Each structure stands twice: as structure tokens, then as C-alpha cells.
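Q: Can you walk me through this structure? I'd like the overview, then a few residues up close.

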Amino acid sequence: MVINEVVDWAKNSNQEVLILKVDFEKAYDSVEWSFLMYMMKRVGLSRKWIAWMQACVWGGSMSVLVNGSPTEEIDIHSGLKQGDPLAPFLFLLVAESFSGLMRNVVRLNMFEGVRFNIEGLILSHLQYADDTICIGKATVHNLWVLKAL
């Protein structure tokens, strides 16, 4: 709904807007455990809580069914297990890192978000589950900043 409002606003005010949708495909599979640990510490979770998360998430093994028969077990060294009730919450910690980067580049005037006339509101990104939408002025500089992030 918000992005539809942005598109309508851009059309009505004759503004060029950059909208980039990023779908973190297979995002759970690509989470590095060391980065997840860093983010848990960064948001201030206690050592005890982090140890519980490690016990629940780190390690383990899996096998794949091929034509109904399981393959050899494979040790897991990264990623969050799909279907694990903790996975969405832990992934949000990982996604928050991107949100923090976006806030910093906007604050440092390295990325120019869309500025609305509503009390100086600047919109630079939206996140929902494993989807992220980056919104800014349609400039080549903004594209380079997004590529770097």
C-alpha cells in the first residue's frame, strides 16, 4: 500500500523516483552464523540468550530425499532452517543490518531518499519479511550507493 502511494505521489507531482525491490531469495540458507552472533550482540541480547540460540540453531545435519530415498547426511555450517519457529525472528536481526546501513547512508547524505512535504518525512526503504524495497531520487549516484550496500 505504501509503495502504491509513493508511485501515485511521484506521478501527481511529476517526480522521478527510483524503486528497487530486493527479494532475498533463499535468504534463510545464506545467513552466516558468525554474522547472526554479531547482530545478537549488537542489539544487546544477553550471553545466556545467545547461548540458547546457538544451541537451537547452530550445527546439525540434514539429508535430502531423492526419488523418495534419503541421501547421505550433510553437516550444516550456515543458514537458518526453514520451518524452524525461531528462523523468522533471527532473520529479522540479519535484515536489520541492512536497515541500519540505509539509515546511515541517508543520515550522511550519501543516499537521497524521497522527501515528502509532510513534516520533512524522508522515505528510503521498506522491509517486510524477506522483501526489501529501496526508494530514492532517480539518480545514478543513488544506484551506485545501493550497489555498494
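A: Here is a short tour of the chain, some of its residues and its largest pocket.

A: This is a predicted model, where local features need pLDDT of at least 70, side-chain atom pairs count only at pLDDT 80 or more, and totals for chains, interfaces and linings use all residues. Residues are numbered from 1 along each chain as its sequence is written, and side-chain values use heavy atoms, with hydrogens and water left out.

Q: How many helices and strands does the chain have?
A: The chain has 5 helices and 9 strands. Helices (H or I, at least four residues) and strands (E, at least two) are DSSP runs, numbered from the N terminus. The pattern along the sequence is α-β-α-α-β-β-β-β-α-β-β-β-β-α.

Q: What share of the chain counts as buried?
A: Of its 149 residues, 31% count as buried. Buried means under 20% relative accessible area, exposed over 50%, and partly exposed in between (1.4 Å probe, protein chains only).

Q: Now Ser124. Where does it lie?
A: Ser124 lies in the loop between strand S7 (122-123) and strand S8 (125-128).

Q: Buried or exposed?
A: Ser124 is buried, because its relative accessible area is 9%.

Q: Which residues does Ser124 touch?
A: Leaving out residues up to four places away in sequence, Ser124 touches Met102, Val106, Phe111, Gly113, Ile133, Cys134 and Ile135. A contact means heavy atoms within 4.5 Å. Take Phe111: it is 13 residues from Ser124 in sequence, and their C-alpha atoms are 8.1 Å apart.

Q: What joins the side chains of Ser124 and His125?
A: A polar contact of 2.9 Å. That term means a pair of N or O atoms within 3.5 Å; within protein, one must be able to donate a hydrogen and the other to accept it, and residues adjacent in sequence count only if both atoms are side-chain atoms.

Q: How do S8 and S9 pair?
A: S8 and strand S9 (residues 131-137) pair in the antiparallel sense, over 4 bridges. Two strands pair if DSSP finds at least two bridges between them. Gln127 has Thr132 in S9 as its bridge partner.

Q: New topic. How much space lies in the largest pocket?
A: About 290 Å³. Of the 17 residues that line it, the closest to its centre are Glu112, Gly113, Val114, Arg115 and Lys137. On a 1 Å grid over the protein atoms alone, a pocket is an open set of points with protein on both sides within 12 Å along at least five of seven lines; lining residues have an atom within 4 Å of a point. The volume is the space filled by probe spheres set on the points, which are joined across faces, edges and corners.

Terms used
On a 1 Å grid over the protein atoms alone, a cavity is a set of points where a 1.4 Å probe fits but cannot get out, and a pocket is an open set with protein on both sides within 12 Å along at least five of seven lines; lining residues have an atom within 4 Å of a point.
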